[in-house]
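Here's a quick tour of a protein model with several chains. Keep the 3D view open and follow along.

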Amino acid sequence: MLQSKVFSKRTRGGKVQKTVREVYLRDDLPCGAPFCKVCDTSKARLSPSASSPILIVDTNVVLSQIDLLENPAMDNVVVLSVVRDEVKNRNIAVFKRIETLCYNSTRNFFVFYNTLHKDTFVHDVSGESPNDRNDRAIRVATQWYQNHLGGQTRVLLITNDRENKRKATEEGISAETIESYVKSLGQPNLLDLLVKPVSEDVEMEDADALRPSKRKVLYAEHKPMSEITSGLRCKIYHQGKLRVNRYNPFEAYVGSESIGDEIIIYGRTNMNRAFDGDVVAVELLPQDQWREEKFLSIADEGEEEEEEDVHLAPNSADDALRNTNPPNSADDKNSVPCRPAGCVIGIIKRNWHSYSGSLEPLPMPAASGSIAHALFVPKDRKISKIRIQTRQLENLLDQIIVVAVDSWDRQSRYPSGHYVRKIGEIGDRNVENQAVLMENDICDEPFSRQILNCLPPLPWSVSAEDLANPIRMDLRHLLVFSVDPPGCKDIDDALHCTTLPNGNFEVGVHIADVTNFVHPGTPLDDEASQRGTSVYLVERRIDMLPKPLTEDICSLRADVERLAFSVIWEMTPQAEIISTRYTKSIIKSCAALSYVEAQARMDDSRLVDPLTTDLRDMNTLAKIMRQRRIERGALTLASAEVKFQIDTETHDPLDIGMYQIREANQMVEEFMLAANVSVAEKILKHFPLCSLLRRHPTPTKEMLEPLLRTAAAIGLNLDVTSSKALADSLDRAVGDDPYFNKLIRILATRCMTQAVYFCSGDLSPPEFHHYGLASPLYTHFTSPIRRYADVIVHRLLAASLEINKLPQIFQDRTQLTSIAENLNYRHRNAQMASRASVELHTLIYFRKRPTDEEARIVKIRSNGFIVFVPKYGIEGPVYLTPRGEKGDGEWFVDEQQQQVKKMDGSVSYSVLQSVKIHMEVVEPQPNRPKLELSLI
Amino acid sequence: MVGLSVGEKRFIQGGIAQDLRSDGRKRLTYRPIYVETGVIPQANGSARVKMGATDVIACVKAELGRPSPLQPDKGKVAIFVDCSPTAEPTFEGRGAEELSAELSVALQRCLLGGRSGAGAGIDLSSLVITEGKVCWDLYIDGLVVSSDGNLLDALGAAIMAALSNTGIPRVLVAASASPDEEPEVDISDEEYLQFDTSGVPVIVTLTKVGRHYIVDATSEEESQMSSAVSISINRQGHICGLTKRGGAGLDPSIIVDMISVAKHVSEQLMNKLDSEISAAEADEDEL
Amino acid sequence: MEFVNPEGLRLDGRRAMEMRQLRAQIGAVSKADGSAVFEMGNTKVIAAVYGPREVQNRSQQMSDQALVRCEYSMANFSTGDRMRKPKGDRRSTELSLVIRQTMEACILTHLMPHSQIDIFVQVLQADGGTRSACINAATLALADAGIPMRDLVTSCSAGYLNNTSLLDLNYVEDSAGGPDVTVGILPTLDKVTLLQMDAKLPMDIFENVMQLAIEGCKAVANYIREVLQENTKQLEVRRGV
């Protein structure tokens, strides 16, 4: 047994409590240099050649220059534990990146635990700030390296802290700023990656000289943190996460718990340099300033107008985060009380990261090689433009690049950032896709060797052991089939239905037994858990699991034996469930039908083969179940899903159209819902605290507000007191117009938030409710190939059947909660990516096909309206006045009737009205195509 | 409890009468005093004092509190004494409650002055951070680990040593926006203010056995006492507090005499403690 | 929270299998028949033994063996937060019982009928592992008092955090909420006399953690033996043997 060699104590004054921690200093920590003659070199990670200097980086360098450090040109770096800890406390995202670097075997980054080494531990000196102490610790460690390696190689301290550098030089340590080090490498392009120091730190005159206007103060100062905390406490300020309106970057919302409402922030000045996702402190404006801007876009201090794009019609409230005007838009004084407006007075936590986008075309490109200033326009419209400096402007102009934000001072309209890397040429589909993936934090890297090693060897088939396994029921004799979209390769569900002698039906839902292959704790499982879901882009799929699993081993293809997890009910002909069985099984599907095929079989009365009869029986049952569900109050919502026909060679879209839903779709859906509900009940019964369920929150009155307003305008009375009432009133909403009902349903759908995963221990049972399905319990069980939630649920179900032990992770509720959160995040991102992909293809499609089409007005604005084009599922603005003018009273909005009228009353457009529009792709700026809608 | 035979009692009393006590001391001689500071690192200040076989630990913890509305310009100090059963099996369970309470009260009287706080050995106004709003509350805990008489003096000495060992975090008070609200208090991590102990008195207990009185009585000697007077005296030679214990009455002139003796002894004790404390602090720094 | 960093070092610089610094001193309470201070890192405990002596409460007297009693108490200042708990709260009562049972099992009580042995443990500072420290201190105090014992009893704890088995948890690690396995052994007889755990742990990991704690106990035993031998040497010197 080892005993500590040196013993030392460090005291830290906690709040008021004095705490004492022991520190056992060590003499067995290696320096990490492979050529070191003293230390154990088995774990050495630094460069084996002594010729390149060892770089010891200061905390500020890691925090601000992480993009540079990630560049392979920076190498042979020692990260001291004091730096590592500080980075961890200050910025967890950067910490993760530096950790990745430190354990990347291709890079020579090494963590030296200076705080635990007997020669580099520093004692507290009274009167020294923690910062100074850490700086001193860094210098002591650098000195130690110098002495330890005894001149075998150069040791260089890289710091941007002027004071630290000065002291280091005094103490005989060679120290350089990151700028001078990068310059000494002689790679000018690396300089683009450098984050410019904030003005007060190091010289910045050259940059200022180029921007004389910069002196003007544009933004109010952010209040110091102490003032913010005390202000928050006495409720002068309100804290919340800032969310920028997707359709208007100068309008943002801060959800504040302290006033129980959302505070609207109008305009750049009030937003005061806050980014989407920042946690900010907001002060309310005086009430008379609460109503403002009603235009499609807000011209801010005379600068160029931001415009609204044509985009895919939103499917839920999450997609279209309140893209309507506040209800109080018109001048009528006795309208609904205004929503509070406020301005940002301080930023509590920044949400800065890197963004993809392109540079704004410049009137006069700078000479090659010299420093040029450019404005970067992020793809994400919620993000402000970012000012960057580059020495390779001409190479970047037609590229999609990645830029990180560094700072935003009061004198600049835009934040400053630096170039990180380029993705590729604008307009190139792969590049654009790449940008979409990056924007949504989706990993599309191929699976690593380690992960692939977890797969069973191919070709795989059901083994004798599987057959002999008593937990596995042999269901190969059953007539099992699957119904999926055409061309589906990852078939994760199959069905069967047989008539029992007593006249009842036995209906089985068989789900691919993914957990038989994906075991907890393996690299494969970790990766799947990270990815969370497969992502479906228009022309490509990014799998959650490696292809051999998704398309072969797990896929319930026709005529092969596959392992499944089955839910089998006995149902009366009235579709009442008499009993439910859950079992692992072996099945052999007899047919993999497409929806169209299944529908055709059912419709063809000449066919009486067993498969078709089963299909018809199931369809009958499904209809009853569906009816019953609707009676319970399930909403039949509608969304405008579109489908592309893609040219197999060019991958260009050939045609788009709405996705057609058939009875066969509904039939499969019905049984999947039933299976999910049955499984949810089962797992919750066994694991009331650690089940993964899915809930759909009841929409608040406020969320349904836009729907109600629209409905009221056209004289439709919707009852939203419960989902049942809403469902009924939606059913009643039939007009002369055949599309009317669908349109109302589409509008209703987009008022709802999305359903989310959660851990059952985190909420109380009434909150488990799934509003849309009107089900008290719901989970996801039926698609384990493409959703990780289903994998978890499979494990829970197996554990409840005592087939497997419950993996350890389920005992840790915080971890389970974070998994659920990650799944929600991934799920949401996957949807955003799909939508972005569809938008991209829509643009490509219309590029060569200017089209006239019928559209519906869904929203009224003072200088135009927003239309929805059902055929293509897109939505966008139509302007009545030429852009750039504010309409000057030519048009006015009638809030009550939801109409925009010409002043003289000659023309008016009202909501839900049908209009003819022209759609065409225009390129107002080179390389920046966009779809424009205009009234015919 | 000490069980003594008649012979033993005689021996003790006789020895005291002849100024040669059973352990060889004179009447006004202390047993060897040994001081160790910083014994409880988690506390703001701590010390262990041994006088012969008597062994006590004193510990100071500082917490932020609110001054009492009657004395908005003063911090608060509370003294608690606990007697561990390790010192004496009879202290087991609630066996030491009475003694603990007696010692606590006696110490409060000797160190904290009257209810108004006037004449306190510990400067209470130095503990105020914002008048009427925030102050330091000092909790002084004494623990008797081993008892062989003269607990009060040993505890007094230990508290003095602990206070001189005490560092209180430096506090920064943010200017508060309105007078009603709680001020923002920021505790500095690395800066500690040394507590001023120049006014802290020592306690000298004179135990009357027969016609004479002795200092630093062992428990055997205490079992023979008729009464005892504990006097706390500060550096200036002023009396800060006084407690008389034991049933027998004392002639007022003897009390006056005792006080002047105590004053004389206190100077020696104070010097002895000062040198022990500084030696102990030097030892601690070396660790 | 990262309790074990990628280099395998814990927050206080120890590796997973390392114990905190042990320190012991015999004879801390001069009036007791036997006493000892035992420190495991910042955890510091005093134990005093009185006896064997006359049984104080006649009704408890046993004609075939000695009566062993134990009281555990914590000083007000022993924890980070100053506490003012009444004596005899549940935790103290439970700990008193655990210590008594553990010690009783190794004292040769049948050699001392009609007598009583009191063990008092006083925690001066708590920084995780007080249970173990109390038992170790009590062993030393009993040995100091010259009370006949079958074997020494030594104790140590181990836990499981960040998928690593950790020996001798300190307060920070202990309050992370992971499992904490306290083991007491008779090192020469190689028997486990105390085993407590307060969280869920899979069987295979439990075995591993328990084994680690047993190793810890053995290390403590070696240390205690050294201390006792050193003490005996000094006694010899003082007696001029």
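Two strands count as paired if DSSP finds at least two bridges between them. Helices (H or I, at least four residues) and strands (E, at least two) are themselves DSSP runs, numbered from the N terminus. With that in hand, strand S9 (residues 202-209) of chain B pairs with strand S11 (residues 227-233) of chain B in the antiparallel sense over 7 bridges.

A word on where this comes from: this is a predicted model, in which local features need pLDDT of at least 70, side-chain atom pairs count only at pLDDT 80 or more, and totals for chains, interfaces and linings use all residues. Residues are numbered from 1 along each chain as its sequence is written, while chains are lettered from A and ligands numbered from 1 in the order in which they are written.

**Strand S9 of chain B**

- S9(B) also pairs with strand S10 (residues 212-215) of chain B, again in the antiparallel sense, over 4 bridges.
- Take Thr207(B): opposite this residue in S11(B) stands Ala228(B), and its bridge partner in S10(B) is Ile214(B).
- The hairpin of S9(B) and S10(B) has 2 residues between the strands, and Gly210(B) there takes a positive phi near 65°.
- How many residues of S9(B) are buried? The count is 8 of its 8 residues, where buried means that 20 or more other C-beta atoms lie within 10 Å of a residue's own C-beta, exposed means 12 or fewer, and partly exposed is in between, with C-beta atoms placed from the backbone.
- Both faces of S9(B) are covered, with Val202(B), Val204(B), Leu206(B) and Lys208(B) buried on one side.

**Chain C on its own**

- Chain C has 4 helices and 9 strands, and from the N terminus on they run β-β-β-β-α-β-α-β-β-α-β-β-α.
- Of the 241 residues in chain C, 53% are buried.
- Two residues are in contact if their C-beta atoms, placed from the backbone, lie within 7 Å. Among contacts in chain C between residues at least 6 apart in sequence, 70% join residues at least 24 apart.
- Look for an open sheet of 4 strands in the order S7-S6-S8-S9 (chain C), with antiparallel pairing. Its edge strands, each pairing on one side only, are strand S7 (164-167) and strand S9 (191-197) of chain C.
- The twist in this sheet averages 25° from one strand to the next. Axes here are lines fitted to C-alpha atoms, for helices over the stretch in contact, and angles run from 0 to 180 degrees between N-to-C directions.
- Within the sheet, strand S6 (residues 154-161) and strand S8 (residues 180-186) of chain C pair over 6 bridges, with Ser155(C) opposite Gly184(C).
- Helix H4 (residues 203-239) of chain C lies across S6, S7 and S8 of chain C and runs at about 145° to S6(C).

**Where chains meet**

- The contact between chains C and B takes 23 residues from chain C and 25 residues from chain B. On the chain C side, strand S5 (115-125) is one of the elements that supply at least two residues, and S5(C) gives the largest share, 5 residues.
- By class, that chain C side has 9 nonpolar, 9 polar and 5 charged residues. Ala, Val, Leu, Ile, Met, Phe, Trp, Tyr, Cys and Pro count as nonpolar, Asp, Glu, Lys and Arg as charged, and the others, Gly among them, as polar.

**Chain A and the cores**

- Chain A has 25 helices and 38 strands, and 42% of its 936 residues are buried.
- In helix H3 (residues 81-90) of chain A, the buried residues include Ser81(A), Val82(A) and Arg84(A). Among the elements covering them are helix H1 (59-64) and helix H5 (130-148) of chain A.
- A nonpolar core is a set of buried Ala, Val, Leu, Ile, Met, Phe, Trp, Tyr and Cys residues joined through C-beta atoms within 7 Å. The largest such core has 218 residues, and Ile56(A), Ile265(A), Val282(A) and Val867(A) have the most contacts inside it.
- A second, separate core of 151 residues includes Val145(B), Ala280(B), Val123(C) and Ile185(C).
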